[in-house]
Amino acid sequence: MKFMKLGTRPDSFYTEAATRTVISNVPGNIVIRIDNVSYLLHKFQLLPKCGLLQHFCPDMGDSNIATIELHDVPGGAEAFELCAKFCYGMTVNISAHNLVLALCAAKFLRLTEAVEKGNLVLKLEAFLHSCILVGWKDSIVTLQNTVKLPDWSENLGIVRKCIDSIVEKILTPHSKVSWSYTYTRPGYTRKNNQSVPKDWWTEDLSDLDIELFRCIILAVRSTYILPPQLIGEALHVYACRWLPDTSKAKLSENKITQSKEDLENSRQILEKIVSMIPSDRGSVSVGFLLRLLNMSNYLAVSSTTKSEIIRRSSLQFEEARVSDLLFPSQSTSSAHFYDVDSVVAVLECLRALWRRQYSGAAENTHFLTYIRKVGKLIDSYLRVVVMDINMPVPKVIQLAEALPDIARPNHDDLYKAINMYLKEHPDISKADKKRLCQILDCQKLSSEVRAHAVKNERLPLRTVVQVLFFDQEKGSKVTSFTPTAKQLISVKKQAAVTSDNHGKLKPELDDGVGVDREVRERKALSESSERDEHRTKRAADVKLPVERERKDDRSEFDVKSVKSNKIKELKSDSKRMVSKGSRSDHGGEQRQIKR
């Protein structure tokens, strides 16, 4: 931090009877009132350098005490006293912290070269250009102090000069950065041989007021030199500096203790940060966007800002991790801890966005890959939020159904989440349990999960029956027995006794009776299947000797038929031989007669 020392005389201002005066042997002859402070000073010290006081007191030699009201002096009594000390030749230290006040007050009092050579305005402007604007932190501190006198600073060009200096340094290649800067990121240790990080400027810039910060960001973006990721990082650092942290607790519970001014200031900061996010995909992380979404619920930002955050989050939702979604709900009306509504809002926006862009989204390879990554993420998120003892069933169903069917090639993870919810919430009603299990598609369960589901006593009987039916269709063996279709239909009819004509279950009169009935039905199913298995084995044992006897009969019959055929062949051969012999004898007799 650079400073300029003016004057050599010691500071001799003091307060007496609510009046600021100077230790002197000469009595004061001019009273200057600024707000609630009065100064009793000397004309011969002030008038030679101050053009404004010369206008009010043209006669310096007048011994009468003159009273002047200067309530509109920029910087108030503090800035006037600094200029008065310069006029007295007292020691004054000028730095980036008080330069703006001193320069604006000096301009107002006309401490210019037209009044006297080497006056205060000239010295302050020289210090501004030669020292302040050359440095990095001095420029930022000076720019921040212009907030106290925005109009004067703007008219004198201080704001524009500081912004130009800061932007020029930000655009300097990081390998050429030689000035000091603040960088306190975790894991970063500055060494002599370590290169300057590309985002070296982001922390110092976060000290600025949101309007000044916005001016610099827009000026940097307009050059198109820095990548959008660096702009996004600057926005992230600024948000962490000025916005409340909503990632650990419900700030809505402490909302009464915070002032309306603080809430309004935070609301404006959030809305302006969102408006500055570059349109390029990936300029900010989806985790940062989801944090902004959670903050927007707490700060009650405009619907336009909230919709923009949701839209941007949906475009990058596949990049999120489960930890990015685990932020608390800021609603005072919700008893559960996690903000499921915000996640559902992003998923609904995602579905609507892709429905508009792809008419055949199911056949689109990119969308299919994208939505299945989101499906795995949501199922993992479900397995965390179901552990909340206050999480209601409708919220779980709403979150699970927010995804399209193509997002889940199988329902194994969804089954695990439902099973965990039933385990953590053993007292939920039978109707809620059935509603929860209706979101399961039993055809998308693997054989291992179906084997677990059949034995899972937490599931409703209707769900178990569906699992068994689909398992029989697939021909896999999930239990020690394979129930027949007749058994399944019988059990299904028993489970559907309480169904109405539309297939909806009627509420049981007593949940305890319903549970007992379900246990009996499960036991009956098991016993019936075991009896059928025993009958099947007995039938197999009886069938075996019968088949053997039939086989022996067939073999005996074959032997008899072979023998019969052989006898017939012998008889026909003998007949042929006899017939041949008779024909030969008859020929011999004829030959004898002829002789």
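Reader: Which residues form one aromatic cluster?
Author: Phe13, Tyr39, Phe80 and Tyr88 form it. Please note that this is a predicted model, where local features need pLDDT of at least 70, side-chain atom pairs count only at pLDDT 80 or more, and totals for chains, interfaces and linings use all residues. Residues are numbered from 1 along each chain as its sequence is written, and side-chain values use heavy atoms, with hydrogens and water left out.
Reader: How many aromatic pairs are there?
Author: The count comes to 10 aromatic pairs, a pair being rings of Phe, Tyr or Trp (its six-membered ring) with centres within 6.5 Å.
Reader: What is the geometry of the pair of phenylalanine 108 and tryptophan 152?
Author: The ring centres are 6.2 Å apart and the planes stand at 75°, so this pair is edge-to-face (planes over 60 degrees apart).
Reader: Where do the two residues lie?
Author: Phenylalanine 108 is in helix α4 (residues 99-109) and tryptophan 152 is in helix α7 (residues 150-155), so the pair ties together parts 44 residues apart in sequence. Helices here are DSSP runs of H or I with at least four residues, numbered from the N terminus.
Reader: Is phenylalanine 108 buried or exposed?
Author: Phenylalanine 108 counts as buried, at 16% relative accessibility, whereas tryptophan 152 is partly exposed at 31%. Buried means under 20% relative accessible area, exposed over 50%, and partly exposed in between, with a 1.4 Å probe and protein chains only.
Reader: And what percentage of the whole protein is buried?
Author: Of its 595 residues, 43% count as buried.

Methods:
Phe/Tyr/Trp six-rings, centres within 6.5 Å; stacked < 30°, edge-to-face > 60°.
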